[in-house]
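The sequence and the structure come first, and the discussion follows.

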There are 2 protein chains.
Amino acid sequence: MTTVTTAWVAELVDALGTGGVLVDPDVTASYARDEAMLAGAGTPAAVVLPRSTTDVVAVMKVAHRHGVPVVPRGAGSGLAGGSNALDGAITLVTTRMDAVLEVSPADRLAVVQPGVVNKQLRDAVAAHGLFYPPDPSSYDWCTIGGNLSTNSGGLCCVKYGVTTDYVLGLEVVLADGRVLRTGRRTVKGVAGYDLARLFVGSEGTLGVITEATLALRPAPQRPVTLVATFGTTAQTGQVAERVVTTGLVPSLLEVIDNTCICAVDDLLHADLDRSASALLVAQSDAGGAAALAEIEALAALCREAGADLVHTTDDPAEGDLLLAARRMAIPALAQLGATLLDDVAVPRSAIARFLDGCDAIAARRELTIGVLGHVGDGNMHPTICFDPADPGQRERAFAAFDDILELGLSLGGTITGEHGVGSLKVDWLEREIGPVSLDVHRSIKDALDPAGLLNPGKVFRRRG
Amino acid sequence: MTTVTTAWVAELVDALGTGGVLVDPDVTASYARDEAMLAGAGTPAAVVLPRSTTDVVAVMKVAHRHGVPVVPRGAGSGLAGGSNALDGAITLVTTRMDAVLEVSPADRLAVVQPGVVNKQLRDAVAAHGLFYPPDPSSYDWCTIGGNLSTNSGGLCCVKYGVTTDYVLGLEVVLADGRVLRTGRRTVKGVAGYDLARLFVGSEGTLGVITEATLALRPAPQRPVTLVATFGTTAQTGQVAERVVTTGLVPSLLEVIDNTCICAVDDLLHADLDRSASALLVAQSDAGGAAALAEIEALAALCREAGADLVHTTDDPAEGDLLLAARRMAIPALAQLGATLLDDVAVPRSAIARFLDGCDAIAARRELTIGVLGHVGDGNMHPTICFDPADPGQRERAFAAFDDILELGLSLGGTITGEHGVGSLKVDWLEREIGPVSLDVHRSIKDALDPAGLLNPGKVFRRRG
């Protein structure tokens, strides 16, 4: 066993140099798991740090020759265990492939390597007056490769969509080391299957993304911000639904519930209304009078729904302050104990029922659950707070995590809006998509990775 | 042979009734080809007209049991021969599955059967103040099923994207008759592979789409319209590029060249400037002052580029008149002879070079080529006019069709922006995507349709 391991590790070192291959368990341990507390993780046999597509090809050829599984990984900011290590496998870390290769204002696109940090890309294109919308909360450290693999969203989605909406073309190293280039640099194109969007969101199970051509947008205009508080979840749900039916498209529409409000107030001493059922934050980046009109229309909807407080500002600094209550919700909840962050998307007409359902789960499981979320697109993140040292609480927290998924499905929703399936929700995926879709997933996986080397066991199990 | 045919035809009649199965060659001939003059077509052994998913399942089970190929077809408005009949095969026509099953203003989506005509859907959702953007030129007779299969675009794309951008979920009958439901009703969702977008644009080679859940948008506001003429292609290209770099996002940005201008003027006697190199039409639906400002900014770009004429109007009726020159370009060119409509998308920075290249091809091949196109997204439709009774012209026309694809690829473009590969551009697809991508296409096809029953030979050839 040792000699076999040595043989393929030696081949990796030949290809990438000693600095590109880590085998010291004390060092490789730091690449073993992502941010998903609930997901299990093994110990990688080796961690490789390629600097180029050529390096990735070399790694995949060694892996293919020796039948060694490979777990692709970006910065490790994942929330579903998608890049968690597998015993005896190679973990392939893309963080050294971090070049922004091109920004083209004339074609409004950028070409990047997968290890580019989301914020690095945002800053690079902002210098040209351009905008890359997808903005996961971890935008200052997560990588574009990880964003592509999980099809990340963020606060922008209500107006600007998710990662896949910005993918024009990809370079992907396949399981056997061949290099696939797919997609295009043009705005439109229908030559063949949409392979690029098949790889996006496939969580490293179909190939290793080594380059991406991404569409950009013009820089958004200065935001106008609204904050409102409500006494009931029904009022909050009514506003969410009325935003949709009246055709408003704010650039941000976020909610935090009473648990989050109190936690944030405890942390920031922000003088929030601790009796409010929910706090809503919205922005419009439509620009000038259009933005003011959009926010005023939203304020009217809030008042009609019976909001206790409605406040608007066109001062960006004050807008940032108002948004802080939403941005600080997770750190504030973390003060209450360990946290399990769930990720469910429901139809926007079901928001109030979802909020009420989470309250019922918290009561039944005798736990604190703070709900925050992208209410504008129905993607909600109930966050379970518990004491991990208390076995009973721990068990109830895990049960509540599943209760929330069950609730989401019962409302016509999905078990993951933006975090992915990873290793955390494999059983739930089967339940959501059903046997025919599972079989189609397995057929496509077998077609592209017949030996099952790429991130095996993540997203779904192979036939077996 | 006859008895075998009779056996499976009888099974189809058992399932669909005699009214659902056509075998009279005089009748089936009308389903043999689409609008692509250049593409070959066979004679269908039977044409089936299912009324439900159950009917489609029955057809695919018969086809699967007897190894009979199936060609899915909508209204036959295709421009690449994608639904052209194959000798001895079943042509499955979805036009009787024409129900709009649901319009949900609360979740801003619609659920439709594939035979719904694009305009029927547009009208159904407009009654709720909603908007389904994809608008191919054939919108008053093409079906949503066909739009999904080719990932149709239209005039809306510069601002609103293409069909795939509106697909939330699909029901698909697979080659063996199993029913796959994939996707969702929620705005966001990353549970498993993006199978829906794999089926979109696959031109009937992977399954038969029997239901679609489509995202909608709020109704657009009253458009403001601009028309401008230019003396040189360089000026036109400059405006196209400056629109991108200044961050303008008009809701429509179309161009016709001098050949089209003269043909339209001959047809409509519209007093157009017959000396102009190009005529540009743009609209903004940003609403009120924002739309006026957007069109004024665009007018300034046109003047800076040296436009001979710039005219704007916020009167929708006058706007429609101005747009008529663009809308009538193809009928006007058809007055000059037979027409071959090509479909190339190029990066927006290459528009001027593409227009000049088309002029050079017309001169070299001694043919008339009128270029019209969605200049805002780089999707251009050079239209070759020729006398089909003249063998020399005919041959030169076919050669010019290929020259245009060659030109598009040489500029970093694609051989099809929105019409699809069909049977017309199979060889060109191989050339554009290369051997690795072709192999991946074949692997996915084999995984989902191992017997090769669905629209065989379209888009790409199978191995062997």
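## A salt bridge at the end of chain A

In this predicted model, the side chains of Arg463(A) and Asp446(A) meet in a salt bridge with an N to O distance of 2.8 Å, where a salt bridge is a side-chain nitrogen of Lys or Arg within 4 Å of a carboxyl oxygen of Asp or Glu. Because Arg463(A) lies in the segment after helix 15 of chain A and Asp446(A) in helix 15 of chain A, the pair ties together parts that are 17 residues apart in sequence; helices are DSSP runs of H or I with at least four residues, numbered from the N terminus.

Arg463(A) is partly exposed, with a relative accessible area of 40%, and Asp446(A), at 25%, counts as partly exposed as well. These classes use a 1.4 Å probe and protein chains only, with buried meaning under 20% relative accessible area, exposed over 50%, and partly exposed in between.

## Other salt bridges

Over all chains, the count by this rule comes to 54 salt bridges. In chain B, Arg65(B) pairs with Glu11(B), the closest N and O atoms being 2.6 Å apart, and this pair links distant parts of the chain, with Arg65(B) in helix 3 (residues 53-66) and Glu11(B) in helix 1 (residues 2-16), 54 residues apart. Arg65(B) is exposed at 55% relative accessible area, whereas Glu11(B) is partly exposed at 23%.

In chain A, Asp265(A) forms a salt bridge with Arg274(A), for which the closest N and O atoms are 3.0 Å apart. Asp265(A) is buried, with a relative accessible area of 10%, while Arg274(A), at 38%, counts as partly exposed. A network of salt bridges links Asp176(A) and Arg178(A) with Asp439(B), Asp446(B), Arg462(B) and Arg463(B).

## The surroundings of His441(A)

His441(A) lies in helix 15 (residues 426-448) of chain A and is buried, with a relative accessible area of 1%. The side chain of His441(A) reaches the backbone nitrogen of Tyr193(B) at 2.8 Å.

When residues up to four places away in sequence are not counted, His441(A) touches Ile433(A) and Phe460(A) as well as Gly192(B), Tyr193(B) and Leu195(B), contact meaning heavy atoms within 4.5 Å.

## Basis of the values

Residues are numbered from 1 along each chain as its sequence is written, and chains are lettered from A and ligands numbered from 1 in the order in which they are written. Local features need pLDDT of at least 70 and side-chain atom pairs count only at pLDDT 80 or more, while totals for chains, interfaces and linings use all residues, and side-chain values use heavy atoms, with hydrogens and water left out.

Terms used: Helices (H or I, at least four residues) and strands (E, at least two) are DSSP runs, numbered from the N terminus. A polar contact is a pair of N or O atoms within 3.5 Å; within protein, one must be able to donate a hydrogen and the other to accept it, and residues adjacent in sequence count only if both atoms are side-chain atoms.
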